Amino acid sequence: SGFVHGFGRRTFAALFVVGMALGCGGQPELAAPPSPEVTVATPQVRDVTVFQEFVGSTEAYQSVEIRARVQGYLDKMAFEPSSFVRQGQLLFVIEPEPYEAQRDRAAAGLKAAEAGLRRAESDLERLEQAVRTNAVSQQEVTRARAERDQASAAMLEARAALTNAQIQLDYTTVESPIDGLVSRNLVDLGTLVGAGESTLLTTVRRIDPLLAYFEVSERFMAQSLEQRGGHKEPGTGEEVPATLVLKETGLKIEGKVDSVDNTVDPATGTIQLRALFPNADAKVVPGFFVHVQLPGELLENAVLIEETAIGTDLGGRFILVVGDD
């Protein structure tokens, strides 16, 4: 134990001497941090068009309400709801039997009227020959001519009745008048339709191309007209490009402005524009709220830099410049 005690005292003394030597020699030096790597980019100078963005809504290029044009019970539905249909495609069938009977009755009436006209013409021809030999009086010829005219009018009326009966029969097959996206059936099979009103059966909307309506400010419109040299007639080859932006998905569709209203709304100081966009994949449907980007002011010889070169602090945005160039 004496050896251990003596060793401890000698070790403490040695450490004390070393500590004093370090204290007298000064603080230890710290290694300098490495220099940061800096990426630079050369600015570009070119003309730039500043785009402005407006809020609008989409509408179908064509929209048709499919209604019952004759009265009867709904017999058949020949489409799938929310599917694409072609022009002339069968959608509904309204019971055709009563209208087929009317058509057949009208056809029979026409045949009878044609036979009556032939008989009246034959009688008139016979009397006209007989009056030359004084076998009959001129009064009988006049009466026969009147009967022939009445028979002719009856035939025209019967022909019109047949045409009308055929039209009514054709209305029992309801077809799509356009290519487009059909809605669901608004009336169930077996329902009496067309009784006192043209019952709405469904709707068909053409969504390719798609329309977007939006409002622009009077100032923007004035600047645009100034840059374009005034209003241009359609078909002159000059088109105003437009971009439809769907913020929810980031979808962008390139199109063009195809209609500008002819007056500014004095209450809002805006004017309505309409743009046309292709929509073959049906990613946008009518009724969407969208953003529409239009080219605005042209900045000549604008200086462009990389967006990543822009820094931000409490004083705002800034850039670091390497040299004059």
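A: Happy to! Let's begin with Lys76, whose bridge partner in S4 is Val93. Keep in mind that this is a predicted model. Now step back from that pair of residues to the strands. Strand S2 covers residues 72-77 and strand S4 covers residues 90-94, and the two pair in the antiparallel sense over 3 bridges.

Next, widen the view to the sheet. It is an open sheet of 4 strands, in the order S5-S4-S2-S7, with antiparallel pairing. At its edges sit S5 and strand S7 (192-193), each of which pairs on one side only.

Helix H3 itself runs through residues 138-170, 33 residues in total, and reaches 48 Å from its first C-alpha to its last, close to the 48 Å expected at 1.5 Å a residue.

Now turn to H2. Its buried residues pack against H3, and they include Tyr99, Leu110, Gly116, Leu117, Leu124 and Leu127, along with alanines such as Ala106 and Ala113. You can check the span of this helix too: at 1.5 Å a residue, the 36 residues of H2 should span 52 Å, and the end C-alpha atoms are 54 Å apart, which agrees. After H2 comes Asn134, which has a positive phi, near 60°.

Conventions:
Residues are numbered from 1 along each chain as its sequence is written. This is a predicted model: local features need pLDDT of at least 70, side-chain atom pairs count only at pLDDT 80 or more; totals for chains, interfaces and linings use all residues. Side-chain values use heavy atoms; hydrogens and water are left out. The expected span of a helix is 1.5 Å times one less than its number of residues. Two strands pair if DSSP finds at least two bridges between them. Buried means under 20% relative accessible area, exposed over 50%, partly exposed in between (1.4 Å probe, protein chains only). Contact means heavy atoms within 4.5 Å.
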